[in-house]
Amino acid sequence: QCKCDLFVFQWSILVPESLDELTDMAVKLFAEVENKLLPVPEYTEHPFQEEHLKQLYKVVPIKDIRNLYVTFPIPDLQKYYKSNPGHYLGHLIGHEGPGSLLSELKSKGWVNTLVGGQKEGAKGFMFFIINVDLTEEGLVHVDDIILHMFQYIIKLRTEGPQEWVFQECKDLNAMAFRFKDKERPRGYTSKNAGLLHYYPIHEVLAAEYLLEEFRADLIQMVLEKLRPETVRVAVVSKSFEGKTDLTEKWYGTQYKQEAIGADVLEKWQNADQNGKFKLPVKNEFIPTNFEILPLENDALSFPTLIKDTAMSKLWFKQDDRFFLPKTCMNFEFFSPFAYVDPLHCNMAYLYLELLKDSLNEYAYAAELAGLNYDLQNTIYGMYLVVKGYNDKQHIILKKIIEKMATFDIDEKRFEIIKEAYMRSLNNFRAEQPHQHAMYYLRLLMTEVAWTKDELKEALEDVTLSRLKAFIPQLLSRLHIEALLHGNITRQASLSIIQMVEDILIQNAHTKPLLPSQLTRYREVQLPDRGWFVYQQRNEVHNNCGIEIYYQTDMQNTHENMLLELFCQIISEPCFNTLRTKEQLGYIVFSGPRRANGVQGLRFIIQSERTPSYLESRVEAFLKTMEKHIREMAEEAFQKHVQALAIRRLDKPKKLSAECAKHWSEIISQQYNFDRDNIEVAHLKTLTKEDIVNFCKELLAVDGSRRRKVSVHVLSRDMDSCPVVEQAPCQNDVNLTPAPPLPQPTIIEDMTAFKRSLPLFPLAKPQINFMAAKL
């Protein structure tokens with residue numbers, strides 16, 4: 001009998017059928033759910049009472065992080081969703097532009113990031129939070145940071161609620177809803193089912209975007225709740241180790257609780273105006289032109305190469321599916337200096353982190369207006385993406401490139417960001433075992449890859465003067481490959497790439513790379529019948545992790561479809577067998593692994609069981625799968641073919657997703673833009689015998705072309721572990737016996753392992769570049 005109550009049970013269904021058919025479906029599925037008219041639980045009192053306020057908590061984390069959490073109890077504001085006073089205050093307190101709270105705290109060198117706004121509790125109460133990421137210096141200025149928070153709150157009280165700010169938020173929300181991207185059905189229905197608990201059914205699709213009534217009284221009411229008398233403060237830092245006296249019940253977190261001193265509270269209560277704080281100015285990045293450009297006469301379904309010179313290669317695709325006033329701009333700045341050694345890799349990372357940090361005040365307004373960018377260092381150089389409304393996209397792109405070419409490093413921010421980077425490298429030791437397994441496998445299989453330890457050691461040598469000298473070297477010779485995709489014309493795209501080139505040439509004196517410098521890294525080629533095992537220990541977690549990789553072949557249409565169809569067939573049985581029935585662990589994954597034009601089948605598991613046991617269970621599973629496929633009825637096999645075909649031909653739901661598919665073809669230099677149609681056509685020619693042979697040759701223990709590498713990550717309590725299970729399955733007669741495994745080659749030295757093996761060639765491009773030039 002269903003224990004649900006129809007009164008508190010909400011559901012959302014999205015199907016292509018008519019409303020009448022949908023209604024029939026809903027009635028059939030849920031008619032038997034009884035409506036017991038149970039009341040929805042509501043809390044009339046806030047859980048934070050007087051004894052919980054004016055308290056300071058010092059918390060010891062696992063990773064080396066430094067955070068400050070400032071929390072105020074506030075009433076439940078849900079019923080005021082059309083005024084949303086919490087959103088208004090979060091918009092101002094969490095603002096990142098000039099004159100903001102974050103801007104002032106960063107200028108003092110105390111914080112790196114700040115988040116502010118309302119936070120859900122339960123029906124009847126909420127919280128207002130202000131959270132910051134502390135620097136080393138900020139950790140000793142916590143009281144001063146909170147004083148600045150109260151100074152900014154006083155600024156908001158003094159200025160009073162501003163209707164133009166509310167109207168700007170309202171306009172941004174309306175614009176976001178009007179040009180909202182489509183969503184994947186599963187996520188969309190799941191989200192809407194949750195929203196039905198909070199909003200009327202006739203408004204649920206738009207409720208999160210509705211701002212209709214400016215209520216100054218509600219804003220003032222919430223502001224009055226943000227006082228020192230109701231504050232709770234938590235500081236998270238490794239510096240509290242050995243200085244705590246309490247242990248949290250569930251996770252064993254060490255912490256100390258103490259009352260905030262009367263003198264500190266008095267200082268906060270007497271906070272005065274700070275002349276450096278300013279309310280944000282009107283957002284100049286809000287688009288005003290939403291015109292959808294007409295399709296050009298020769299518009300194609302796939303990206304077209306419209307410029308190919310020594311300096312740049314430009315791919316262009318006018319949007320012909322979504323018809324939104326948006327464009328995605330992707331740029332790869334290829335430089336051989338970016339990853340030549342760990343020192344240069346670190347400097348490339350710090351250059352771009354400092355660059356983004358310096359752009360933050362300027363770019364924040366653009367982000368609010370639906371115009372986002374990202375800038376990252378890669379093993380080949382730098383990657384820049386600018387996406388969103390196309391009206392003012394060129395403005396921020398120009399600013400970013402100008403800043404790249406003329407960047408002057410702030411010494412204080414250099415020291416802060418370098419220290420944060422070192423902490424992030426050190427914190428990798430505390431990542432989950434399965435993430436460590438994936439990391440070690442990448443190091444083993446990629447021609448060139450620097451380890452976290454190598455990066456840490458080299459970071460000590462990065463000085464301000466060395467970084468300043470590196471930037472012009474990095475920019476001295478580049479090759480730019482770009483994709484402009486969306487509501488944009490061919491001529492505008494050519495103008496954009498020309499602008500980028502001109503700025504770099506004029507300010508950084510950039511010259512093109514030689515064709516021989518445009519090389520990509522390759523993948524290690526394992527020998528037939530080879531099995532290698534690499535072991536490491538995770539110092540933090542009490543679980544083990546494993547990644548098993550069966551290298552199959554280079555990527556091409558036939559091999560791609562063999563691998564994907566096999567993964568499709570084993571996906572559900574793998575989860576059902578290894579996770580549900582055998583309960584190996586919460587994380588159990590199988591699927592393709594692709595890198596540098598080479599691919600294979602991988603299994604990733606995190607478990608309390610030993611890696612050698614996990615290895616034996618994966619081998620037992622693969623053995624049963626070979627038998628399962630051989631005995632599979634043709635009808636069942638064709639259902640898998642059809643399921644994979646449907647998934648591969650499923651169109652992207654938004655412009656950025658379609659652009660990402662095309663961009664992946666460009667950065668892999670395979671340029672197979674019609675991959676889905678080409679590969680699905682080939683998929684339909686595959687037979688069951690093809691998959692059986694794939695299994696026998698490449699995956700079976702005695703397979704003639706089986707090539708395998710396993711990464712075993714041991715738990716913190718394990719000093720060692722046999723690489724092969726000594727007596728597999730004898731402890732459980734219900735388990736499928738694992739096949740006897742040969743003794744693998746133990747990898748003692750990564751570098752020696754890679755030097756002893758050949759490399760695969762790079763995958764061949766799908767297109768003829770001479771023919772692609774138009």
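Modeller: Contact here means heavy atoms within 4.5 Å, and the model we are looking at is predicted.

Colleague: Good to know! Which residues make helix 2 meet helix 8?

Modeller: On the helix 2 side they are P85, Y88 and L89, and their partners in helix 8 are L218, I219, V222 and L223. By class, that contact has 7 nonpolar, no polar and no charged residues. Pro, Tyr, Leu, Ile and Val are among the residue types that count as nonpolar.

Colleague: And how do helix 2 and helix 8 pack?

Modeller: Helix 2 (residues 85-93) and helix 8 (residues 216-225) have axes 9 Å apart, at an angle of about 65 degrees. Their crossing is right-handed.

Colleague: Now for the other pair: why are helix 17 and helix 18 called oblique to each other?

Modeller: The axes of helix 17 (residues 557-581) and helix 18 (residues 611-630) cross at roughly 130 degrees and come within 11 Å. Roughly perpendicular ends at 115 and roughly antiparallel needs over 145, so helix 17 and helix 18 are oblique. The crossing is right-handed here.

Colleague: What makes up the contact of helix 17 with helix 18, by class?

Modeller: There are 11 nonpolar, 1 polar and 1 charged residues. Among those in helix 17 is T577, while R617 is one of those in helix 18.

Colleague: How do you know where the Peptidase M16 C-terminal domain lies?

Modeller: That comes from the UniProt annotation, an unreviewed entry, which covers residues 18-171. In the model, this span is 38% helix and 23% strand, with its end C-alpha atoms 34 Å apart.

Terms used
Residues numbered from 1 in each chain as written. Predicted model: local features only at pLDDT ≥ 70, side-chain atom pairs only at ≥ 80, totals over all residues. Heavy atoms only, no water. UniProt positions renumbered as here; feature names shortened; annotations may be inferred. Helix = DSSP H or I, 4+ residues; strand = E, 2+ residues; numbered from the N terminus. Axes fitted to C-alpha atoms, helices over the stretch in contact; angles between N-to-C directions. Parallel < 35°, antiparallel > 145°, perpendicular 65-115°, else oblique. Left-handed = near helix turned anticlockwise from the far one by under 90°.
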